[in-house]
Each structure stands twice: as C-alpha cells, then as structure tokens.
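I set out to record what I looked up in this structure, entry by entry. Definitions are given where a term is first needed.

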Amino acid sequence: MPRRALAAAVVALVLPLSACGSGGDDSGSTDASGKVEGDITFQTWNLRANFKPYFEGLVADFEKKYPGTNVKWVDQPAEGYADKISADAAGGTLPDVVNVSPDLVAPLAKAGLALDLDKAAAKYKKEYLPGAWASHEIPGTEGTYAFPWYLNTGPLFYNKSLFKEAGLDAAKPPKTYDELFDDALELADKSDGKVATLANVPTIEDFGRYGVELMNKEGTAFAFNDAKGVELLTEYKELYDAKALDPQVLTATPESSGKKFLTGAVAMNPGSALDLGNFKKQAPNLYKNIGITDQITSTGKVNMYVMGVMVNAQTKQKPAAVAFAHFVTDAQNQMSFARKVAIFPSTAGSLDDPYFTEEDGTDETRVRIAAAKSLKNAVNYTPVLFSEQMKTELRNSVAKALQGKVSPKEALDNAVKACDRLLQQQG
C-alpha cells in the first residue's frame with residue numbers, strides 16, 4: 001500500500017462549506033451521557049481496500065460490547081474526500097462518526113457540525129498524548145473537535161560518508177536549524193558545490209520547528225512574516241546561493257528529492273522504513289552508510305501528522321457516537337491497528353510498548369523506534385486553517401526570495417497577505 005494513501009494526514013485539503021457559523025455546537029446538546037444504543041454510521045478515508053477485516057472486527061467488537069447498537073461502516077476514496085464531506089455537511093447527510101484530519105475538522109467546527117469533546121468527552125482527554133489531543137483545537141474557537149487517532153512522523157536520513165568527506169562528525173548530525181545551516185555550508189564548500197545538504201525548500205512546518213509564531217491566537221491572521229520567519233528564509237537564501245540546496249530545489253517533489261539522496265547528490269532527506277528497503281536494493285553503498293536522526297527542530301519538538309475521529313454534533317445518537325469514536329481510538333484498538341501498518345498510536349503510554357522501543361535488527365524496526373521516540377512530545381505545526389492554496393502561496397513566495405527576485409521580508413509579507421485573504425474567504 002502506498003505510504004501516502006494511508007498517511008493522508010499529510011494531504012491538506014480545502015473544505016469550502018456553504019454555511020459558516022459562529023463556531024461550536026449552539027444547540028446546547030453536548031451531553032453524551034445516556035444509554036449507548038441505536039444505529040450510527042462511521043465513515044473512514046480510503047481504508048477499506050487494505051484494512052477491511054480490521055474494521056469489520058472493530059465494529060463487531062463494539063456491537064458485542066454494547067448490545068442494541070448497530071454500526072454501518074462506509075469508506076470513501078481518497079480522491080474528492082473533502083468535497084464529499086462538504087456536500088454532506090451542506091445537505092445534512094454527514095455520518096455520525098467521521099474520519100478527519102485537523103484541516104478538515106476546522107470548517108465543520110465553525111459551522112457547528114463537530115461536537116466539542118472538551119464538553120462531551122472530557123473524561124477521556126487524559127488517555128491521549130497532549131500534543132495529539134490539542135491538534136484538533138481551532139484557533140479563535142473554544143474546544144477540541146475530534147478524538148486523535150493515528151499519528152505519523154518521519155525521521156531524517158543522512159549519508160555518513162558525505163559528512164565524513166567534508167570533515168564533519170558523522171556520529172553527530174545536525175539537530176537544530178543553526179547546526180544544519182553550519183553543516184550545509186561546510187558540505188557545499190568542501191565539495192565545491194557538488195554536494196547539497198537538502199533538496200527541499202522551507203515549508204510551514206519548517207517555520208514552526210524554527211520557533212516562528214505562525215498565526216495569531218484568535219486564528220484571524222497569519223504571523224510567519226515576523227523577524228524570526230524572515231531570519232529563517234534569509235538563512236535558506238544563503239544556502240541556496242552557496243549551492244547547499246540542490247539546484248532543482250524549486251521544482252522538487254518528494255520523489256525527485258529521494259532520487260537525489262539515492263545518488264549521493266544530497267546529504268540529508270526525510271523518509272520512512274520503506275525507503276531503507278529501497279536503499280538496500282538500489283544503493284547498497286548508501287545503505288551501508290545510512291544515518292537515522294530526528295527531524296531538524298529548534299523548539300525541541302518535531303512535527304507530527306495526525307488523523308482524527310470526529311462526532312457529528314447533529315447526531316441523533318450522541319452517546320453511541322461518542323462511545324464508538326472513543327472505542328476506535330482507545331489504546332487497545334490503536335495498538336492493534338499500528339501493528340498492521342506503519343502508523344503510531346496517539347494514546348498516552350502506547351509508545352512505550354516494546355513494539356516501539358526494542359530493536360530486533362530489522363530496518364523497519366530501526367525507523368519505527370526512531371519515529372516513536374520523537375513523537376512523544378511532537379506537535380502538529382501546520383495551522384488547522386492553513387489550506388492547500390495557502391501552501392502554494394508560501395511556496396511561490398519562498399521561490400522568489402531564493403531566486404533573489406524579492407527580499408525574504410517582502411516574500412513573507414506577500415505570502416501572509418495572500419494567506420490572510422484566503423482565510424477571510426474561508427470563514
């Protein structure tokens with residue numbers, strides 16, 4: 001199964017809702033107490049093809065635990081998922097329990113269609129990692145609007161032999177952005193510009209991990225054009241000029257960056273356990289010299305991608321819908337799902353399981369352990385209101401700054417202005 005098909009959390013989708021309300025569930029019915037019974041519908045996002053037995057078992061276990069309940073499971077394809085949710089929201093046909101990512105839940109919460117779990121299910125909050133629970137909060141709105149479900153993150157791979165050739169300590173890869181910039185300039189200098197350190201430009205997550213305030217507290221305007229944001233982009237411009245960034249960085253895709261790393265043209269690249277198998281086959285020399293380290297961060301916390309399970313605030317069966325959303329995301333069921341696919345549970349304590357801590361000599365386990373360790377205090381840096389169009393605006397502005405067409409300050413001012421305009425259109 002392609003990694004991206006499941007880790008759809010990395011795909012930010014715009015959800016234009018025809019009805020934008022004042023936020024929250026104004027019907028006053030956040031009470032989920034009462035008998036767990038009745039018929040509910042549960043919708044997942046592109047999971048049936050690979051995990052049908054798992055979800056059928058999950059539903060059967062829940063119905064056995066709560067006699068008198070009946071769960072109808074529906075699965076939607078990845079393509080057009082946001083549009084489907086949007087149409088259901090507008091038409092009043094949204095399922096009772098819905099698989100969402102934080103950016104998908106934001107407009108639903110604003111329209112009063114997502115149940116506030118801080119009110120309806122506060123007793124469960126302590127079962128989850130704090131960073132995961134917080135990832136479905138909406139700036140400017142009180143409350144949390146989905147149970148955290150599975151998490152993902154990726155370690156960073158680096159080529160030890162390229163580090164050694166540049167006179168750098170291969171046992172001490174860069175951890176912070178300042179260390180990264182120093183090492184990258186050194187690598188470029190020692191290789192006469194033949195070895196770039198990175199094949200990607202800074203994204204919104206980079207600004208977050210650098211410690212930039214991305215948005216105001218009210219969620220009404222972006223703020224990544226502050227002095228710290230300008231500082232980060234200025235550093236990247238220096239790397240670009242010194243050939244410490246790959247020459248094709250402005251048009252790079254994850255696939256093209258991966259190929260550059262494979263051929264030794266780039267010294268560091270994000271990846272997953274799937275890549276290690278690939279290196280073993282296609283680049284045995286690289287595989288012998290592979291280093292695995294955490295994502296670069298100056299805040300001490302890496303970025304997590306998170307999926308959630310939302311309860312429709314308008315459901316007629318609130319006790320059953322909340323009970324089922326909690327059941328899907330409880331420690332036991334998350335752990336069982338994590339053993340079937342390369343994802344990580346969002347439940348507190350689960351990452352201490354031997355499955356995520358004990359080496360067994362395999363590459364897959366090496367990467368799993370590295371990722372699990374970094375997830376314990378990870379945060380979802382991407383603002384929930386940051387849409388796909390906004391990502392494009394930021395990317396285009398960053399490209400202009402790197403090419404020297406505008407200053408880093410002007411580039412980020414332009415990006416913030418464009419993103420603020422798109423934000424106004426959303427709400």
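**Entry 1: Helix α4 and its surroundings**

I began at the end of α4, which is followed by G112, a residue with a positive phi near 75°. Before going further I noted that this is a predicted model, in which local features need pLDDT of at least 70 and side-chain atom pairs count only at pLDDT 80 or more, while totals for chains, interfaces and linings use all residues. I also noted that residues are numbered from 1 along each chain as its sequence is written, and that side-chain values use heavy atoms, with hydrogens and water left out. Helices (H or I, at least four residues) and strands (E, at least two) are DSSP runs, numbered from the N terminus.

I then looked up the burial of α4 and found that 9 of its 9 residues are buried. Buried means under 20% relative accessible area, exposed over 50%, and partly exposed in between (1.4 Å probe, protein chains only). Among the buried residues of α4 are P102, L104, L108 and K110. The buried residues of this helix pack against β1, α3 (81-91), β3 and β8 (305-311).

**Entry 2: D116**

I next looked up D116, in the loop between α4 (102-110) and α5 (117-120).

A polar atom of the D116 side chain lies 3.2 Å from the backbone nitrogen of T144. A polar contact is a pair of N or O atoms within 3.5 Å; within protein, one must be able to donate a hydrogen and the other to accept it, and residues adjacent in sequence count only if both atoms are side-chain atoms. With neighbours within four places in sequence left aside, D116 is in contact (heavy atoms within 4.5 Å) with E142, G143, T144 and Y145.

**Entry 3: The sheet**

I traced an open sheet of 6 strands in the order β2-β1-β3-β8-β4-β9, with mixed pairing. β2 and β9 (344-345) stand at the edges, each with a single partner strand, so one side of each has no neighbour in the sheet. Two strands pair if DSSP finds at least two bridges between them.

Strands β1 (residues 38-45) and β2 (residues 69-76) run parallel and are joined by 8 bridges. The chain passes from β1 through helix α2 (residues 48-65) to β2 in a right-handed β-α-β crossover. Right-handed means that, with the strands pointing away from the viewer, the path from the first strand over the helix to the second runs clockwise. I found Q76 in β2 to be the bridge partner of W45. β1 also pairs with strand β3 (residues 97-100) in the parallel sense, over 2 bridges. There, F42 stands opposite V97 in β3.

**Entry 4: N333**

I located N333 in helix α15 (residues 331-338). N333 counts as buried because its relative accessible area is 9%. A polar atom of its side chain lies 2.8 Å from the backbone oxygen of F327. Leaving aside neighbours within four places in sequence, N333 is in contact with Y54, L58, F327 and V328.

**Entry 5: Salt bridges**

How many salt bridges does the structure hold? I recorded 12.

One of them joins the side chains of R209 and D206 (3.0 Å, N to O). Both residues lie in helix α9, 3 residues apart, about one turn of the helix. R209 and D206 are both buried.

D352 forms a salt bridge with K376, with the closest N and O atoms 2.5 Å apart. This pair links distant parts of the chain, D352 in the loop between β9 and α16 and K376 in the loop between α17 (363-375) and α18 (388-402), 24 residues apart. D352 counts as partly exposed because its relative accessibility is 47%, and K376 is likewise partly exposed at 40%.

**Entry 6: Positive phi outside glycine**

I found D192, not a glycine, with a positive phi of about 55°. D192 lies in the loop between α8 (177-190) and α9 (204-210), and is exposed at 65% relative accessibility.

Key: Salt bridge = Lys/Arg side-chain N within 4 Å of Asp/Glu carboxyl O.
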